[in-house]
Amino acid sequence: MIRQPKRTLPQDADTQPPEKRLSPGDSAATTDPITVPNGPALSCDVSSLHGTLPTADIVPDASHASNSIVPDAMRDNYDTDLPHTAHTDPSRPGRGYEYCDHTADIQVHSWGSDLREAFEECCIGMFGIMTDLSKVEATDTFELEARGDDLESLLFHFLDEWLYAFSVEPFFVPNEINIEEFDEGAEGGGGWRIRCEGYGEPFSLDKHPQGTEVKAITYSAMQIVKHDRGYDLYVIVDI
């Protein structure tokens, strides 16, 4: 059953479409190292391969429990000399995601060989902020549909619908997303649409570590960059 929840979004400037959005081909966003309270300066956290997620428990720093989710076991994987993983890096896997610091929020940087893969990875990256996905079992399936007036608004609503599925019953958290239909808007107008499935289970504090709450998806500095190896997406989420 396809679930299409309706609700009113927060009236925040970052959650509203800007007058001029970034388009494919624009330069990649500049990212700063992540500063962990009482810890070293860290760059982006890279998910090495699709489906291979951090195994360490997410334990927020006590002094910043609301916005710090850096597992101790992952800190050695950070390289403070690199801002974000570029598509020109020959060692970068074909698809994946990483987290980049953005003031008080988090920027999810995902990539894939096509838009489907990049969208799927971006969504999994968002859920990875809120819990340790290695603890999630794919016992249930949740179907969802999202629409947009253009590619950027489609990405926004795709992530927003999944965030809503996590926020209300059944509090669903997936560890894998499969986009079954990706309908691109017709030239000169027409809707963009995604129909997808998520594989996971209802969130439970008894089983799933509580990470950082994602309050909203934003349009701030959103980028969809096309290149010769596929697509890179940059999305800032409000935490």
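The following questions and answers go through a predicted model of one protein chain.

Residues are numbered from 1 along each chain as its sequence is written, and side-chain values use heavy atoms, without hydrogens or water. Because the model is predicted, local features need pLDDT of at least 70 and side-chain atom pairs count only at pLDDT 80 or more, while totals for chains, interfaces and linings use all residues.

Student: How many helices and strands does the protein chain have?
Tutor: Helices (H or I, at least four residues) and strands (E, at least two) are DSSP runs, numbered from the N terminus. From the N terminus on, the order is β-β-β-β-β-β-α-β-α-β-β-β-β-β. The count for the protein chain is two helices and twelve strands.

Student: What percentage of the residues of the protein chain count as buried?
Tutor: Buried means under 20% relative accessible area, exposed over 50%, and partly exposed in between, with a 1.4 Å probe and protein chains only. The protein chain has 239 residues, and the buried part is 49%.

Student: Is α1 largely enclosed or open?
Tutor: α1 has 16 residues and reaches 24 Å from its first C-alpha to its last. The expected span of a helix is 1.5 Å times one less than its number of residues, and for α1 the 24 Å is close to the expected 22 Å. Since 15 of the 16 residues of α1 are buried, the helix is largely enclosed.

Student: Which residue has a side-chain oxygen reaching the backbone nitrogen of arginine 116?
Tutor: A polar contact is a pair of N or O atoms within 3.5 Å; within protein, one must be able to donate a hydrogen and the other to accept it, and residues adjacent in sequence count only if both atoms are side-chain atoms. The contact with arginine 116 is at the start of α1, to within 3.3 Å, and the oxygen belongs to aspartate 114.

Student: How many residues has the largest nonpolar core?
Tutor: A nonpolar core is a set of buried Ala, Val, Leu, Ile, Met, Phe, Trp, Tyr and Cys residues joined through side-chain atoms within 4.5 Å. Those with the most contacts inside the largest core include Phe119, Met126 and Trp162. Elements giving two or more residues to this core include α1, β7 and α2 (151-167). The size of the largest core is 47 residues.

Student: Which residues is methionine 126 in contact with, leaving aside neighbours within four places in sequence?
Tutor: Contact means heavy atoms within 4.5 Å. With those neighbours left aside, the partners of methionine 126 are Leu159, Trp162, Leu163, Val214 and Ile217.

Student: How many salt bridges are there?
Tutor: Side chains of opposite charge can pair when their charged atoms come close. A salt bridge is a side-chain nitrogen of Lys or Arg within 4 Å of a carboxyl oxygen of Asp or Glu. By this rule the count is twelve.

Student: What is the N to O distance between glutamate 137 and lysine 207?
Tutor: Glutamate 137 lies in the loop between α1 and β7, and lysine 207 in the loop between β9 and β10, 70 residues apart. Glutamate 137 is partly exposed at 44%, and lysine 207 is partly exposed at 32%. Their salt bridge has an N to O distance of 2.5 Å.

Student: Which residue forms a salt bridge with glutamate 145?
Tutor: The closest N and O atoms of this pair are 3.3 Å apart. Glutamate 145 lies in strand β7 and its partner in strand β9, so the pair ties together parts 48 residues apart in sequence. Both residues are buried, and the partner is arginine 193.

Student: Is asparagine 175 buried or exposed?
Tutor: Asparagine 175 is found in strand β8. A polar atom of its side chain lies 2.8 Å from the backbone oxygen of valine 136. With a relative accessible area of 17%, asparagine 175 is buried.

Student: Where is phenylalanine 171 found?
Tutor: Most residues other than glycine have a negative phi, and most peptide bonds are trans. Phi of phenylalanine 171 is positive, near 55°, and the peptide bond from glutamate 169 to proline 170 is cis, with omega near 15°. Proline 170 lies in the loop between α2 and β8, and phenylalanine 171 is found in the loop between α2 and β8.
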